[in-house]
Amino acid sequence: MNTASALIGYSVAVGLVVPMLLLRGTWTYRASALGAAVWQASTLSFSVAVTLAVSGLAVPAEHLH
């Protein structure tokens with residue numbers, strides 16, 4: 001459960017803060033390829049974090065013996 005909450009917090013930060021910073025930044029216009037790569041990396045990171053958080057919440061934490 002602790003891992004899922006950390007992943008949820010990370011995905012909220014990546015989903016809200018990073019796009020606002022990238023939209024305000026002027027370097028994305030000067031280095032458009034790097035800006036596109038950062039957008040893609042943050043999108044991939046957000047998707048993986050949400051997927052892992054959902055799977056962490058869906059699977060029981062205790063071991064089944």
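1. Is G9 buried, partly exposed or exposed? With a relative accessible area of 40%, G9 is partly exposed; buried means under 20%, exposed over 50%, and partly exposed in between, using a 1.4 Å probe and protein chains only. G9 belongs to helix α1. Its C-alpha atom is 9.4 Å from that of A49, although 40 residues separate G9 and A49 in sequence.

2. On the basis of the values: the model is predicted, so local features need pLDDT of at least 70 and side-chain atom pairs count only at pLDDT 80 or more, while totals for chains, interfaces and linings use all residues. Residues are numbered from 1 along each chain as its sequence is written, and side-chain values use heavy atoms, with hydrogens and water left out.

3. Helix α1 covers residues 2-24 and helix α3 residues 32-58. Helices are DSSP runs (H or I, at least four residues), numbered from the N terminus. The two pack at an angle of about 160°, and their axes are 8 Å apart. Axes are lines fitted to C-alpha atoms over the stretch in contact, and angles run from 0 to 180 degrees between N-to-C directions. α1 and α3 are therefore roughly antiparallel, a term for angles over 145 degrees. The crossing of α1 past α3 is left-handed, meaning that the near helix is turned anticlockwise from the far one by less than a right angle.

4. The contact (heavy atoms within 4.5 Å) involves residues of α1 including L7, I8, V14 and L22, and residues of α3 including W39, F46, V50 and L57. By class, the contact of α1 with α3 has 17 nonpolar, 4 polar and no charged residues. Here Ala, Val, Leu, Ile, Met, Phe, Trp, Tyr, Cys and Pro count as nonpolar, Asp, Glu, Lys and Arg as charged, and the others, Gly among them, as polar.

5. In α3, the residues G35, S42, A49 and A53 are buried. Their cover includes α1 and α2 (27-30).

6. N2, in helix α1, counts as exposed at 63% relative accessibility. N2 and L57 are 55 residues apart in sequence, with their C-alpha atoms 9.8 Å apart.

7. R30 lies in helix α2 and is exposed, at 66% relative accessibility. The C-alpha atoms of R30 and G15 are separated by 23 Å, with the two residues 15 apart along the chain.

Notes
Angles under 35 degrees count as roughly parallel, over 145 as roughly antiparallel, 65 to 115 as roughly perpendicular and the rest as oblique.
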